[in-house]
Structures are given as C-alpha cells and as structure tokens.
Amino acid sequence: MLSAGAIVGFGAGPLAVAAPAEGGLYIAGAGFSFKTAAKRAMSQNPGGRRFFLLSLPPETAALGLAANASLSNLRQRVVAANGMLLVCQRDVEQGRIKLSELVPGVVAVRGWPAAGSNEMRHGERYFPDENSVNLPADNVALRQLRSTCS
C-alpha cells in the first residue's frame, strides 16, 4: 500500500502530497484475521477516508448476524470509520457464504468474467448492474479485488 508522505527536492523545502480521497483494499482471510485487517484499515485511513475490507471464509463470520459481541463491535467500528464490507460473489455461489446470514450493507463482488464472456465489455471497469459507488475507484485496488474474487 502506498501512503501519503512528503517529497523533498534539491534545495527546496518539503512539498506536501495530498492524501488520496479513498483508502485501499484490505483482505481478511488471506493470512490475516478480520480483527487484524480491520484494525490496520482503520489506522491507515484516519478521518473518515473510505476504505474497503474484503473478508474471505472463514473470516466472513465477523460479518454475520450471529457474530460474537467483540467481532460485531469491531465490524460496527469499521462501518463507522467509512469502511465498505465486501465478500466474494464466488463464495456465495459456492455456498460458502449465505447473504441472508450477513449484516445489511455487505456487498458481494464479482471477480473477472470468464475468458470469452461478454458480461463486461472490453475496457469497462464495472459490470453493467454493479453500483460503482460500492467499489474502489483506484484501478490497482479494483484489479486486486477482482483477482481475489475470481
């Protein structure tokens, strides 16, 4: 992940680099617990900067209606900090996640379409029925999200 910093030139003072309007993508379940990914995402996106937290099974339990109090409170803090909660559509289709058992607001994200598919037109970033507001505007984060969910 890139972080905002300062650029120092020869003979010049530091020039502030504007912080990105949107934070990055954080993944729970790829070697990191929901707790670890959530805390890192919140610490790296202060002041309500929007970020994306993708949960892979079994870390999706934190997004469930039946999550224990500790995970439920952490999940609520993520949402209050402007975090978007995401799961992979493929995990829903494979029966690994039941959307009806997740808290409202969790967004299921599709991976890349199969080769030769016309689900997403060449050069497009989003599927026609997707709400782009729920997904990263940054190309690198969106590509990583789609690749992870493929």
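This is a predicted model: local features need pLDDT of at least 70, side-chain atom pairs count only at pLDDT 80 or more; totals for chains, interfaces and linings use all residues.
Residues are numbered from 1 along each chain as its sequence is written, and side-chain values use heavy atoms, with hydrogens and water left out. Local features need pLDDT of at least 70 and side-chain atom pairs count only at pLDDT 80 or more, whereas totals for chains, interfaces and linings use all residues.

In soluble globular proteins, nonpolar side chains tend to be buried together. A nonpolar core is here a set of buried Ala, Val, Leu, Ile, Met, Phe, Trp, Tyr and Cys residues joined through side-chain atoms within 4.5 Å; buried means under 20% relative accessible area, exposed over 50%, and partly exposed in between (1.4 Å probe, protein chains only). The largest such core comprises 21 residues, and those with the most contacts inside it are F34, F51, L53, L63, V78, V87 and V106. Two or more residues each are contributed to this core by strand 3, helix 1, strand 4 (50–55), helix 2 (69–80) and strand 5 (83–88); helices (H or I, at least four residues) and strands (E, at least two) are DSSP runs, numbered from the N terminus. Helix 1 supplies the largest share, five residues. Another core, of 15 residues, lies apart from it and includes L56, M84, V109 and A141. Beyond four places in sequence, V87 touches residues including L54, L63, V92, V106 and V109, where contact means heavy atoms within 4.5 Å.

One aromatic pair is present in the structure. Rings of Phe, Tyr and Trp (its six-membered ring) pair if their centres lie within 6.5 Å, and planes under 30 degrees apart count as stacked, over 60 as edge-to-face and the rest as tilted. The ring centres of Y26 and F51 are 6.2 Å apart with planes at 90 degrees, so the pair is edge-to-face. Because Y26 belongs to strand 3 and F51 to strand 4, the pair ties together parts that are 25 residues apart in sequence. Y26 is buried at 6% relative accessibility, and F51 is buried at 0%.

Y26 is also among the residues nearest the centre of the second largest pocket, together with L25, I27, F32 and R40; eleven residues line this pocket. A pocket is defined on a 1 Å grid over the protein atoms alone as an open set of points where a 1.4 Å probe fits, with protein on both sides within 12 Å along at least five of seven lines, and lining residues have an atom within 4 Å of a point. Strand 3 (22–28) and helix 1 (34–44) each give two or more residues to the lining, and helix 1 gives the most, with four.

Several loop residues were also examined. P57 and P58 are joined by a cis peptide bond, with omega about 5 degrees, and P58 lies in the loop between strand 4 and helix 2. N82, in the loop between helix 2 and strand 5, has a positive phi of about 80 degrees although it is not a glycine. Most residues other than glycine have a negative phi, and most peptide bonds are trans. N82 is partly exposed, at 33% relative accessibility.

R96 occupies the loop between helix 3 (89–93) and strand 6 (107–109) and is partly exposed, with a relative accessible area of 48%. Leaving aside neighbours within four places in sequence, R96 contacts P57 and D91.
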